[in-house]
Amino acid sequence: MRPFTLNYARPRVLPAVVTPYRYDSSMQLNVLPDGRPAVSDRELLLAAGTTTSTAHSQTHFDD
């Protein structure tokens, strides 16, 4: 028997996520396309809440 709710459930479509910064290994922090540190962009921080390192640092929370 199929549960009633499965007749109406739809797969959730996740929005495409574009990260507006990249990790720069020479500077060891996330940078914007123009080369500035990602933490200097207040609007980005307000929207994202953080700029977690894409290097997956185990010792600290980058940026």
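**Close-up views of a predicted model**

By the rule used here (a side-chain nitrogen of Lys or Arg within 4 Å of a carboxyl oxygen of Asp or Glu), the count comes to 1 salt bridge. This is a predicted model, in which local features need pLDDT of at least 70 and side-chain atom pairs count only at pLDDT 80 or more, while totals for chains, interfaces and linings use all residues. Residues are numbered from 1 along each chain as its sequence is written, and side-chain values use heavy atoms, with hydrogens and water left out.

**View 1. The salt bridge joins R36 and D34.** The closest N and O atoms of this pair are 2.8 Å apart. Side chains of opposite charge can pair when their charged atoms come close. R36 is partly exposed, because its relative accessibility is 37%, and D34 counts as exposed because its relative accessible area is 52%. For these words, buried means under 20% relative accessible area, exposed over 50%, and partly exposed in between (1.4 Å probe, protein chains only).

**View 2. D24 is buried without a salt bridge.** Here we look into strand β1, where D24 lies. The nearest side chain of opposite charge is that of R22, 4.2 Å away; Lys and Arg count as positive and Asp and Glu as negative, with His and the chain ends not counted. The side chains of D24 and S26 are joined by a polar contact of 2.6 Å. A polar contact is a pair of N or O atoms within 3.5 Å; within protein, one must be able to donate a hydrogen and the other to accept it, and residues adjacent in sequence count only if both atoms are side-chain atoms. Leaving aside residues up to four places away in sequence, D24 touches L29 and V31 (contact means heavy atoms within 4.5 Å).

**View 3. Q28 has a positive phi.** The angle is about 60°, although Q28 is not a glycine. Q28 sits in the loop between β1 (22-24) and β2 (29-31). Its relative accessibility is 56%, so Q28 counts as exposed.

**View 4. V39 lies in the loop between β2 and α1 (42-48).** With a relative accessible area of 37%, V39 is partly exposed. V39 and L29 are 10 residues apart along the chain, and 9.1 Å separates their C-alpha atoms.

**View 5. The protein chain follows the pattern β-β-α.** Stepping back, we find 1 helix and 2 strands; helices (H or I, at least four residues) and strands (E, at least two) are DSSP runs, numbered from the N terminus. Of the 63 residues in the protein chain, 16% are buried. Among contacts with a separation of 6 or more, 27% come from residues 24 or more positions apart.
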